[in-house]
Amino acid sequence: MPYVSRSAGGAIDGLYEQLQEGVAEEFLSDDDPALGAFRDTSPEVFSVSARQFRLMLRRSGLLDQVKAWVAHQDGETQDAFEYSGTFVKSSPMMLAGFEAMGFTPQQRDAFFEAAAQL
């Protein structure tokens with residue numbers, strides 16, 4: 001039976017074993033339907049490792065296309081693609097790159113979710 005925190009809209013956004021004063025003071029039983037629904041949802045993926053990102057590009061058949069796009073970008077973008085250890089979904093480089101590849105926000109999310117499984 002955990003303590004929960006809730007977002008401004010009232011949805012559960014965190015679970016805690018112990019009371020967290022001012023953060024998570026509501027105690028729910030394990031069979032509470034809202035708690036079950038929260039536990040059944042997958043957390044949003046905000047970043048993946050460089051290995052995961054590149055493997056997903058390769059598996060999607062996009063690696064060469066992305067490398068060609070990166071080659072035409074500024075030096076900082078080229079360095080970020082080559083040397084970053086983590087790729088953050090909301091970074092300006094990611095947003096520009098996915099837009100250039102014609103991805104919708106939903107497709108970008110799906111790409112990161114799939115990459116996170118590698």
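# Close-up views of a predicted model

**Figure 1. Helix α2 packs against helix α6.** Helix α2 (residues 50–59) and α6 lie with their axes 9 Å apart and pack at an angle of about 115 degrees. The two helices, α2 and α6, are therefore roughly perpendicular to each other. The crossing in which α2 passes α6 is right-handed. On the α2 side, the residues that meet α6 are Gln52, Phe53, Met56 and Leu57. Their counterparts in α6 are Phe111, Phe112, Ala114, Ala115 and Ala116. Sorted by class, the contact of α2 with α6 has eight nonpolar residues, one polar residue and no charged residues. The model shown in this and the other views is predicted.

**Figure 2. Helix α5 crosses helix α6.** The axes of helix α5 (residues 92–100) and helix α6 (residues 105–116) come within 10 Å of each other and cross at roughly 115 degrees. That makes α5 roughly perpendicular to α6. The crossing of α5 and α6 is right-handed. Met94, Leu95 and Phe98 are the α5 residues in this view, and they meet Arg108, Phe111 and Phe112 in α6. The contact of α5 with α6 divides into five nonpolar residues, no polar residues and one charged residue. Phe111 and Phe112 in α6 meet residues of α5 here, and Phe111 and Phe112 are also among the α6 residues that meet α2.

**Figure 3. Helices α3 and α4 pack together.** Helix α3 (residues 63–71) and helix α4 (residues 75–83) have axes 9 Å apart, and the packing angle is about 145 degrees. From α3, the residues Val66, Lys67, Trp69, Val70 and Ala71 take part in the contact. They meet Thr77, Gln78 and Phe81 in α4. The contact of α3 with α4 has five nonpolar, two polar and one charged residues by class.

Figure 4. Strand β1 (residues 3–6) pairs with strand β2 (residues 12–16) in the antiparallel sense, over four bridges. Tyrosine 3 stands opposite tyrosine 16 in β2. Valine 4 has leucine 15 opposite in β2. Five residues lie between the strands of this hairpin, and glycine 10 takes a positive phi near 95 degrees.

Figure 5. Strand β3 (residues 26–27) is joined to β1 by two bridges, and the two run antiparallel. Phenylalanine 27 in β3 is the bridge partner of tyrosine 3. The open sheet has three strands in the order β2-β1-β3, with antiparallel pairing. Strands β2 and β3 stand at the edges with a single partner strand each, so one side of each is left without a neighbour in the sheet. Helix α1 (residues 33–40) packs on the sheet and touches β1 and β2. The direction of α1 makes about 95 degrees with that of β2.

**Figure 6. The whole chain has six helices and five strands.** Along the sequence, these elements follow the pattern β-β-β-α-β-α-α-α-β-α-α. The radius of gyration of the chain is 19 Å, well over the 13 Å that the globule rule gives for 118 residues, so the chain is more spread out than a compact globule. The C-alpha trace of the chain spans about 55 × 25 × 25 Å along its principal axes.

Technical notes
Residues are numbered from 1 along each chain as its sequence is written. This is a predicted model: local features need pLDDT of at least 70, side-chain atom pairs count only at pLDDT 80 or more; totals for chains, interfaces and linings use all residues. Side-chain values use heavy atoms; hydrogens and water are left out. Two strands pair if DSSP finds at least two bridges between them. Contact means heavy atoms within 4.5 Å. Axes are lines fitted to C-alpha atoms, for helices over the stretch in contact, and angles run from 0 to 180 degrees between N-to-C directions. Angles under 35 degrees count as roughly parallel, over 145 as roughly antiparallel, 65 to 115 as roughly perpendicular and the rest as oblique. A crossing is left-handed if the near helix is turned anticlockwise from the far one by less than a right angle, and right-handed if clockwise. Ala, Val, Leu, Ile, Met, Phe, Trp, Tyr, Cys and Pro count as nonpolar, Asp, Glu, Lys and Arg as charged, and the others, Gly among them, as polar. The radius of gyration is taken over C-alpha atoms; the globule rule is 2.2 Å times the number of residues to the power 0.38.
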